[in-house]
Amino acid sequence: MRRIIVGISGASGSAYGYMSLQALRSIGGVETHLVLTHAARRTIELEMDMSADDFEALADVVHPDDDLAAAISSGSFVTDGMLVIPCSMKSASAIAYSFNSNLLVRAADVCLKERRRLVLIVRESPLHLGHLRTLAQLAEIGAVILPPIPAMYANPQSVDDIVAHTVGKALDQFGIANDLFKRWRVGSGDAR
């Protein structure tokens, strides 16, 4: 069975994290390890008609963000990598410079040092030069930066369609087959 860490930070966009957990559960064959930051718990309450418990119910294993002794804090605990969705600039900065103050950042740092896939759905706009330098640092050390940018060629009909596109693209980075979004068909003139 594959094993993916899902980190959810306090950035706006809790729906991305929720849909990623739903998708991984429905696809099957992937053991999910969830870590929610304290800020994520608050953002979930502000943005959604649900609580952190609803997110945790979709994960196979839940790790408290202050448990720096959790299995996912060690490189000897083998995973396929980590998805941070959404990823705040605060978390991105901490990851970029190995400031391992919480479990989300430590688990991401472990993925980088072990050369495992780390995909960051960075949620910030506009970006200033400090943000851009942080993102460049992350790319240089091996992270995949995947901002949640909607693909209009897919003709999204709802917010869920837009969220599903980003989640599907993120799962693609791990080689997890999914049909969450319409894929571009070269030469056909339409997206499927």
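This report walks through the sheet, the helix packing and some local details of a predicted model.

## Ground rules

Because this is a predicted model, local features need pLDDT of at least 70 and side-chain atom pairs count only at pLDDT 80 or more, while totals for chains, interfaces and linings use all residues. Residues are numbered from 1 along each chain as its sequence is written, and side-chain values use heavy atoms, with hydrogens and water left out.

## The sheet

Let's start with the strands. Six of them form an open sheet in the order 3-2-1-4-5-6, with parallel pairing. Here, strands are DSSP runs of E with at least two residues and helices are runs of H or I with at least four, both numbered from the N terminus; two strands pair if DSSP finds at least two bridges between them. Strand 3 and strand 6 are the edge strands, each pairing on one side only.

The accessibility classes use a 1.4 Å probe and protein chains only: buried means under 20% relative accessible area, exposed over 50%, and partly exposed in between. Strand 1 (residues 2-8) runs parallel to strand 2 and is joined to it by seven bridges, with Arg3 opposite Glu31 in strand 2. To get from strand 1 to strand 2, the chain passes through helix 1 (residues 14-27) in a right-handed β-α-β crossover. Right-handed here means that, with the strands pointing away from the viewer, the path from the first strand over the helix to the second runs clockwise.

Strand 2 also pairs with strand 3 (residues 61-64), in the parallel sense and over four bridges; in this pairing Val35 stands opposite His63 in strand 3. Elsewhere in the sheet, two bridges link strand 5 (residues 117-122) with strand 6, again in the parallel sense. There, Leu120 faces Ile145 in strand 6 as its opposite residue.

## How the helices pack

Helix 1 also packs with helix 7: their axes lie 9 Å apart, at an angle of about 60°. Axes are lines fitted to C-alpha atoms, for helices over the stretch in contact, and angles run from 0 to 180 degrees between N-to-C directions. Helix 1 and helix 7 are therefore oblique to each other. For reference, angles under 35 degrees count as roughly parallel, over 145 as roughly antiparallel, 65 to 115 as roughly perpendicular and the rest as oblique. The crossing of helix 1 and helix 7 is right-handed; a crossing has that hand if the near helix is turned clockwise from the far one by less than a right angle, and is left-handed if anticlockwise.

Now for helix 4 (residues 89-96) and helix 5 (residues 103-113), whose axes come within 9 Å and cross at roughly 45°. This pair of helices, helix 4 and helix 5, is therefore oblique, and helix 4 passes helix 5 in a right-handed crossing.

## An aromatic pair

The structure holds two aromatic pairs. One of them is edge-to-face: the rings of Tyr153 and Trp184 have centres 5.4 Å apart and planes at 75°. Rings of Phe, Tyr and Trp (its six-membered ring) pair if their centres lie within 6.5 Å, and planes under 30 degrees apart count as stacked, over 60 as edge-to-face and the rest as tilted.

## Backbone details

Two cis peptide bonds are worth a visit. Ile85 and Pro86 are joined by one, with omega about -5°, and Pro86 belongs to strand 4 (residues 81-87). Another runs from Ser125 to Pro126, with omega near -5°; Pro126 lies in the loop between strand 5 and helix 6 (129-140).

Which residue in the loop between helix 5 and strand 5 deserves a look? It is Arg115, which has a positive phi of about 60° although it is not a glycine. Arg115 counts as exposed, at 71% relative accessibility. Asn155, in the loop between strand 6 and helix 7, also has a positive phi, near 55°, and is partly exposed at 48%.
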